[in-house]
Amino acid sequence: MRVLKALLRQPAALFGLIVVLVVVAMAMGAPLIAPYSPDNQMFDGLTIEGAPLPPNAQFLLGTDTLGRDLFSRLLFGARTSLIIGLVANGIAVAIGLLIGILAGYMRGIVGGMLMRFTDLMMAFPALLLAIVLAALLRPSLWIVAMVIALVNWVQVARIVYTETRGLVERDFILAERSLGAGHLRILFRHILPHLMPTAIVWGTLGIATTVLLEATLSFLGIGVQPPQPSWGNIIFESQSYFQAAPWLVFFPGAIILLTALSFNLIGDALRDILDPTQRGRG
Amino acid sequence: MFKRWLRNTTMATVLALVPVSVWAQDTPQQGGDIIVTYKDDIATLDPAIGYDWVNWSMIKSLYSRLMDYTPGTATLVPSLAETFGVSDDGLTYTFKLRKGVKFTNGREVVASDVKYSIERAANPKTQGPGAGFFGSIKGYEDVSGGKSTTLEGIEVPDDSTVIFHLSRADATFLHVLAINFASVVPHEAVEAAGSDFGKKPVGSGTFVLKDWTIGQRLVFERNPDYFVKDMPHIDKFTVEVGQEPLVALLRLQKGEVDIAGDGIPPAKFLEIKNSPDGPKMIVDGQQLHTGYITLNTKVKPFDNLKVRQALNMAINKDRITRVLNGRATAANQPLPPLMPGYDKGFTGYTYNVEKAKALLAEAGFPDGFETVLYSTNTDPQPRIAQAIQQDLAAVGVKAEVRALAQANVIAAGGTEGEAPMIWSGGMAWIADFPDPSNFYGPILGCSGAISGGWNWSWYCNQDIDKRAVAADSMSDPAKVEERAAVWGKIFTDIMADAPWIPIINERRVVAKSVRMGGADNIYIDPTRVINYDAIYVKQ
Amino acid sequence: MTFLVLRRLAQTALILLGVAAITFLLLYALPADPARMIAGRSATAQTVANIRHELGLDQPLPVQFWTYLKGIVHGDLGRSYAQKTDVAALIAARIPATLLLMAAGILVEVVLGLTFGIIGALRRGGTIDRIVMMASFVGVSAPQFVVALLLLYMFAVTLGWFPMSGFGTPAHVVLPAATLGILGAGWYARMVRSAMIDVLNQDYVRTARAKGLSSVRIILRHALPNAMLPIIAMIGIDIGQFMGGVVVVEAVYGWPGIGQLAWQAIQQVDIPIIMGVTLVSALAIVLGNLIADIIAPLIDPRIRTR
């Protein structure tokens, strides 16, 4: 509650919260709000020559190149983006926490190995790796989520590692140890709670990165599979119409930007509230 | 009979000397530099290896072959050969070479160069994709099996004579000598370049490669010593690579580019078509192309003929042509309309949702079934796959669309039992040479229904296979018409088994700048794509 | 010191070996048969088998990997399936273009980031600061491909200020570099701002200010050098970010760099090129971090003691 109140006091974070709530409402209420099925390729959704229709009374945001209602597709696309944002980023944070804590707490050979592995993953160009993986595996919503998670955990692991090492040296942990507390107890009772602010901050900021990454993969045609709408693949399918039908790029582009921006704003505000000493990236 | 045909072909050669005047509205001008763009890098220019539709036309112009085609048509004419004759049994072909033809390194082209070039293309060490085309030449098995490096079926009695001995009659053999893999190369240049011959090509064609900046541009200049006078027409063409089709088109409208090689993205098509200069910039013509869906006869429930027939009636092809902005026509048989043997009277399966549902019910699927539809992942193919998906849903068939990179789709198609349905768009069969047999063997015949093959329906009908072999041994030129009719019947009979759903015949649309001259069929040449020899710049 | 450098170099080599092993395993577990792809659609089964043998694809995987590693030592990255030529030569021909683009992109980032960061720090808490920080957030939240399409449409197609595509003149580099740079500039601005604020709050700066030193002098003398350190570390990280970013940017602007090569290869499943580009990118990232680590102590001697 304290955190929420602090958030609401910041105009930028408030703006972000509102946008996120709207997007969540879009995703949850998509079947109720959407005027058409997102997959319905309507006969009157194309001109006689086969061009998409601009926004009009019947199709609020116009139609796409197959004669489907863009508004309905954007609504259902919100589901895709949020699912990927939550799942992919949730997995990434979980893996990052696990590896970061283990490496930071255990030191020795195991910790060293884990950190070398993290270094190894750091040396992969993230986006390139994601593109290669997504292109080579059979793309689907879950594969895309897995690929993004595989790429995104590394940064979290590094930060958690540094923090855990700091914690391990702290007096109260040393004291617990000398009292003979088990490893699990120390990990769960003392270290993990101290890492929660970091996890929350990165969990939020990471959603922004994830939404952008999903959009990029889908834009390249290797993301979520058609006809399931995603904001990125809507742009992918319409990019050649950029000049003739700008609404097909503008609306999904704007909503991707707004969503990513909102998660960034909230994450940044959370960082200030939860841990004022930590600023800048990383 | 042969003599008469020979005379006719020599007549055709005369036409070939001034080919464009026959087709174009105005006389071609000499000179001019033009710029052509493509998105992808140009792969090798080695004629024994190059095999995609972009380098195909460049290789055509860099080298010459014994046979070639009249520009813009599918008419075979002697090229490097002056005359030729065929024995009565169709097993021996004798060619007399044109005198005084020189490679661009200055050496004269002799008969042994022809032998060397074809043996090189057939040799497995070359890793050439076209080796199999020479399978009817005597001794081919020894070469492909690595037992020999020379083809015993090619005889070179003197510097200007080449004799081919075939192990079986092959009605397509003259076409085989006109495809790129039969291009004549000088052995000394090949040996000097080693594995890099594809980047340092030497031939005796209309153009010479002057410069190649990897990832940026290739510069071709006319070969001043080319053996046909006033060919080619342009002095130079520069190929710029890495250009998105959309960007290339915007540049073309500004006059910075003369030919946008990748065609016109759907969105721009309407805009340009409806613009004042549109008609002068768009070349829109038929090509030897059929877009189809393969129904895997080895995967349930497509092993059931009724299911395959039902789905043939379920697709609204007219809507698909509309999604393509009318740049295609609905297809009802494997052969495209321009191909000899195409049956104009054949109607195939007409679009009828009710009948399709009834047939599915009869086959035991009143509620439809679930399946997977593969497609390549470049626009507009996933969109077409979705249109097909919607049509299938209307008869109760739930198809999951899998849009993958082209190579992955090809791999899935060639794996037994893997891909139930494949939409062929983006990798559809475009004929290697204008002969109906080329639409059978690899994609519908038993020989293609193997692991890694291109017969993605895994359709194998022994009876039809026998008829195909019979048709291909009808090498008597007098029976050309009859042979075409036999082939036509083969394809319409295949449709009774319904291994494919023929969807569309897509027209090729090329954008050219207003100053480019030449008839439309020079830009959509049935054997070359763009015929760089015949295009010209209007002054 | 020498020992440390040697140790870092050994670590670098190990990391690259790991990258090579992982990429190799990933790529060769693919369903696509390279021999089949080289052979093309009309090839007979015999032709395909012959090609497979010529390429050594009928060998066990470890043997293939060993052969590949031996090649790398000699600077041989194999031959491209689609382009039938040396991968090393293909990559080498494209590296200058990518380096130029990356350098220009980093320049955009640093210049924009410093400008906005300094303005923000000086006007801390004010309206200008808020606007600048908001703008930097929008920058980092913008999808790169949308920015690329937007810039292309506005400045090349509509206004005609810059060429739409290609390579060669300084004008060509502006839009691609701006696309790459805008994204990162936001991070730089925020980082510079907080680094500056830290410095401006230090006692000695307050003293200097009390002594009547001008703001500009304070910034140049004290605040800026302090902000350089994180910037250098960031540039090291950015090389990694850019290695992926260039794929999108180069594709949209037709920039003849390795990103375009990679994307083309991915679509054609041209494994040797994908391998090669991944390795070269990994090398660039590792070197970027290494150089950042080496430069840092030169700027700030305090780090050496760590």
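The questions and answers below concern a predicted model with chains A, B and C.

Q: Which element of chain A has the highest mean pLDDT?
A: Confidence in this predicted model can be followed along chain A, whose mean pLDDT is 84, with 97% of its residues at 70 or more. Among the elements of chain A, the lowest mean pLDDT, 76, belongs to helix 7 (residues 171-178). The highest, 91, belongs to helix 3 (residues 70-106) of chain A.

Q: Over which residues of chain A does pLDDT stay under 50?
A: The mean pLDDT of chain A is 84, yet one stretch stays under 50. For that stretch the model has 9 contacts beyond four places in sequence. The stretch is residues 276-282 of chain A.

Q: How many residues of chain A that touch chain B are nonpolar?
A: Chain A places 20 residues in contact with 24 residues of chain B. On the chain A side, 3 of these residues are charged and 7 are polar. The nonpolar residues number 10.

Q: What radius of gyration does chain B have, and why does it agree with a compact globule?
A: The C-alpha atoms of chain B fill a box of roughly 70 × 55 × 45 Å along the principal axes. Because a compact globule with 539 residues would have a radius of gyration near 24 Å, the value for chain B agrees with that expectation. The radius of gyration of chain B is 24 Å.

Q: What percentage of the residues of chain B count as buried?
A: The secondary structure of chain B comprises 19 helices and 21 strands. Of its contacts with a separation of 6 or more, 70% are between residues 24 or more positions apart. A residue counts as buried if 20 or more other C-beta atoms lie within 10 Å of its own. By that criterion, the buried share of the 539 residues of chain B is 57%.

Q: Is strand 18 of chain B largely enclosed or left open, and why?
A: Strand 18 (residues 500-506) of chain B pairs in the antiparallel sense with strand 13 (residues 291-295) over 4 bridges, where Ile501(B) is the bridge partner of Ile293(B). Strand 18 of chain B also pairs in the antiparallel sense with strand 14 (residues 328-330) over 3 bridges, and there Asn505(B) is the partner of Thr329(B). Because 7 of its 7 residues are buried, strand 18 of chain B is largely enclosed.

Q: Which strands stand at the edges of the open sheet of 7 strands in chain B?
A: This sheet has mixed pairing and the order 8-9-10-1-11-19-12. Within it, strand 1 (residues 33-37) and strand 10 (residues 236-240) of chain B pair in the parallel sense over 5 bridges, with Thr37(B) opposite Glu240(B).

Q: Which helix of chain C gives the most residues to the side that touches chain B?
A: In this interface, 40 residues of chain C are in contact with 39 residues of chain B. Helices that each supply at least two residues of the chain C side include helix 2 (34-39), helix 5 (87-122) and helix 11 (258-268). The most, 7 residues, come from helix 3 of chain C.

Q: Is Leu287(C) buried or partly exposed?
A: Leu287(C) lies in helix 12 (residues 271-299) of chain C. Because 13 other C-beta atoms are within 10 Å, Leu287(C) is partly exposed.

Technical notes: Residues are numbered from 1 along each chain as its sequence is written. Chains are lettered from A and ligands numbered from 1 in the order in which they are written. This is a predicted model: local features need pLDDT of at least 70, side-chain atom pairs count only at pLDDT 80 or more; totals for chains, interfaces and linings use all residues. pLDDT is the predictor's confidence in each residue, from 0 to 100. Two residues are in contact if their C-beta atoms, placed from the backbone, lie within 7 Å. Ala, Val, Leu, Ile, Met, Phe, Trp, Tyr, Cys and Pro count as nonpolar, Asp, Glu, Lys and Arg as charged, and the others, Gly among them, as polar. The radius of gyration is taken over C-alpha atoms; the globule rule is 2.2 Å times the number of residues to the power 0.38. A residue is buried if 20 or more other C-beta atoms lie within 10 Å of its own, exposed if 12 or fewer, and partly exposed in between; C-beta atoms are placed from the backbone. Two strands pair if DSSP finds at least two bridges between them.
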